[in-house]
Amino acid sequence: MRGLERELEEMREYYGSGKTKEAAWRENQLKGLRSFLLEKEEQILKALKQDLGKHHIEAFRDEVGTLLKTLNFALESFKKWMAGKEAKLPRIALLSSAEIVPEPLGVILIISSWSFPFGLSLEPVIGAVAAGNALVLKPSELSPACSSLLSTVLPTYLDNKAIKIIEGGPEVGEHLLQQKWDKIFFTGSEKAARNVMSAAVKHLTPVTLQLGGKCPAVLDSLSSDWDREVAVKRIIVGKFGASAGQACRAIDYILVEKDYACILVELMKVWIKKMLGENPKETNSIARIVNKQNLSRLKNLISDPRIKESLVWGGSVDENDLFIEPTILVDPPLESEIMTDEIFGPLLPIITVDKIEDSIEFISSRAKPLAIYVFTKNQTLQRRMVSETSSGCVIFNDAIVQDIAERVPFGGVGNSCFHTFSHEKAVARRSFYTDFWFRFPPWTIHKLQLTDRAYNLDYVGLLLVLLGLKRSKRTYIKL
Amino acid sequence: MAGEEPKNVFDAEAASSLARELRGTFLSGKTRSYEWRVSQLKALLKLVDDNEQEIVDALRSDLSKPPMESVVCEIGLLKNSCKVSLRELKHWMKPEKVKTSITTFPSSAEIVPEPLGVALVISAWNYPILLSLDPVVGAIAAGNAVVLKPSEISPATSSLLAKLLGKYMDNSCVRVVEGAADETTALLQQKWDKIFYTGNARIGRTVMTAAAKHLTPVVLELGGKSPAVVDSNINIKVASRRIIAGKWGCNNGQACISPDYIITTKDYAPKLVDALKTELETFYGKNPLESKDLSRIVNSNHFGRLTKLLDEDKVSGKIVYGGERDESKLMIAPTILLDVPRNSLIMNEEIFGPLLPIITVDKLEESFDVINSGTKPLAAYLFTNNKKLKEQFAKGISAGGLVVNDTTLHLAVHTLPFGGVGESGIGAYHGKFSFDAFTHKKAVLYRSFHGDAAVRYPPYSYMKLRLMKALIGGSINGIIRALFG
């Protein structure tokens, strides 16, 4: 590990040479990433199956597919993002030009997570590289096949002098955090995030932290059968179809009106069977739990007798196969762990409220979630949700699909990702002409008046003062 | 003693109760309305307008700041900030529509700016009005509740701010806490939704450490050694005046973006020194210690620090102008030093005072290496007519902000983000950037129940995979091909 300091020094030198700032370099790296995804798709999907038991199609949809979209968007847009932006100037600003020039930050540390081992690793890499930075990526050791593929195969597609992939667990993470970085991009738990931000203090390193939370889905009573079915299908995919609920943006729990709860539960049972099969374990339609530790944690959430009372579907756990079947609960006690901690698994509590509007208070009295999913056609409810709750994002009538909308700033996708890895440098230019003599001491009341008028962009007032036609109101100032 | 009231100490309990109270007010939704924000911004404007004399007096008391500087650099800039916000607020508050793609068709999306919640603003002593109220303008414009902690090193201003904000602003949402290290520590223990700090890197680290406990995002406006590179073949008279205005004209060098030191060629240095001497005498007279147009050094601590820089053995002989000091008045005259050693104290910490070292190099291009060998500064200045040099400068020097052929002016342009990079800071503000600094940009996606692509759902099939690939690729042909095999 001592080699790490030397490696980083070399990387910094290489970055200092200016190579990574060149448009051609950035384009080559982005193309290299794209080739990796296209040529190694089979290995990638296999690694995801191995680590998380993800079905090929879920894996493609959520990891490979979305990455390809981001890459294509970055490739067609990065030159535009690189260009400086002019800043508007008032006439009297005396500056001949002003612009905002984005420049790379330097050497970035990206720490990824296991729930979407490719997506959460490579999305920030795309942003960092498009912005002209060098970087070190540390994938999660809890998804070892994916981590290994990233560290052995991906480097063959990229410039290794500027991009390094380092495997390892918490000790490696700690050691990395002690080094000097120009930015740290972290995806993971709140607890680990505190560690990251505290370590960043040493070098005043700016950080971007992608955490989680309990993402609620609010289901309004929908009148048409079609709408109801679509909503339920999307909820099922948004929970069980997303890494078996092990995703920061997966639906954590549902809020629904008391009277509607039974309908919801019945519809869910029907569609779970239709979509995930009679025996999801056999059909492999939902992912596995990542490891024994998390399986135990999830098992404990539903082992409490008070929780068992609220179980209406599923609940069986196969420890050897690391499999938990889709599980639904109705109104578990709000103080129970399943309702206070982020679930991150295929257990879906349904909380009933008297009126659907009560869900607003329910959500805003708790910690801000990463996403809120609201299924409703009621425009008033939509408006209130947006303005009376606070969350990373709000999706109406769907769940999770935001990864596919690249122009919207969800979790570092697209333009906002480039921006995250850039310093927007202000550059102002003047000529040697046009100086306002009243800018300089010795100070007189006359100069003060002139400056005051100039400040207010009061060109007429300025003229009047110059002509001696305006008296100063500031009698208290003796200059 | 009997009948004596215990002094009101602002401790952790008081801080916690304050944070709780403001959070309650914020959650009531009061600060979100356009009307509330406008009323507070107008109140701030009125506060400054009605009390200009008191403000100038307080600044004179704390810093002996010349009234001209107070009116122009503090009051003027603050009023501008309020006016820009009032003018643009409706526009800033509007959600921004964004394009969506075929994969989420049909859908619409927008970015909705929402306030973060309760902000803590910790201010500095050198521009105590501006650096306290400018961030508060941003916090209010963005719809937050805010607590301001002014610097105790400028006590008259701190006390005036507490009095005036208490009188003019909505106290259920905007509060001032006066005090020093203890009070600041108590505040930093609480959970805030954003902390905005202006000051030095050492305390900046303390602030960030405290923020890390609650994962609170921060803006840190710090400092550094802002260099001014001076080429030959320029209008040296104009350049000198602008350097002087940015150095001694800004609180006698006690400003985060004052040119800290100069780099020029060996050949040009004498000419530059002469020009500076001439202009300095025009501005401040033959007896600058007596000039009414210079701020004093803020306190004896800093006075001692600065004289130590001057009196260092290898440096004291390098003074080519000035060097006079009057401890009773806490005044140090504008001082220029030529060719101080690179390892001297004065070249290894931010000066923040009226001392200007000039470093010489053989070729001007070497100046870039000198600058890049240090930490990234808050600002960097270049005086030249050479187009290529200007380009190299803009591309090759990393700093918060760059100005060519002048100093410090970029601070006054509200369309430019003002902030540091690396050791000089995190985040930026001014104009819309202030609004953004205290805003969460919430993404909102609206989908309909129509256009449901079964492609997304299990049970999964090869056909669905092909269609999905085509959809993600976005090409119509691809989609048609996938649909019809």
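This note covers the fold of chain A and its interface with chain B.

1. Basis. The model is predicted, so to speak of local features a pLDDT of at least 70 is needed, side-chain atom pairs count only at pLDDT 80 or more, and totals for chains, interfaces and linings use all residues. Residues are numbered from 1 along each chain as its sequence is written, chains are lettered from A in the order in which they are written, and side-chain values use heavy atoms, with hydrogens and water left out.

2. Chain A overall. Chain A contains 19 helices and 17 strands, taken as DSSP runs (H or I, at least four residues, for helices; E, at least two, for strands) numbered from the N terminus. Of its 479 residues, 61% are buried, meaning under 20% relative accessible area with a 1.4 Å probe, protein chains only. Among contacts (heavy atoms within 4.5 Å) with a separation of 6 or more in chain A, 71% link residues 24 or more positions apart.

3. Strand S6 of chain A. This strand (residues 183-187) is largely enclosed by the rest of the structure, because 5 of its 5 residues are buried. A:Lys183, A:Phe185 and A:Thr187 point one way, A:Ile184 and A:Phe186 the other.

4. Neighbours of S6(A). Pairing here requires at least two DSSP bridges between two strands. Strand S3 (residues 107-111) of chain A runs parallel to S6(A), joined by 4 bridges, with A:Ile108 opposite A:Lys183. Strand S7 (residues 207-210) of chain A also pairs with S6(A) in the parallel sense, over 4 bridges; there A:Gln210 is the bridge partner of A:Thr187.

5. Extent of the interface. In chain A, 101 residues are in contact with 102 residues of chain B. The buried area is about 8,500 Å², with carbon and sulfur atoms giving 64%; this is the accessible area (1.4 Å probe) that the two parts lose on being put together, summed over both.

6. By class, the side of chain A that touches chain B has 51 nonpolar, 21 polar and 29 charged residues, with Gly counted as polar and Asp, Glu, Lys and Arg as charged.

7. Strand pairing between chains. Strand S16 (residues 393-396) of chain A and strand S20 (residues 439-447) of chain B run parallel, joined by 4 bridges. Within this pair, A:Val394 stands opposite B:Val444.

How values were computed:
Buried < 20%, exposed > 50% of the residue type's maximum accessible area, 1.4 Å probe, protein only.
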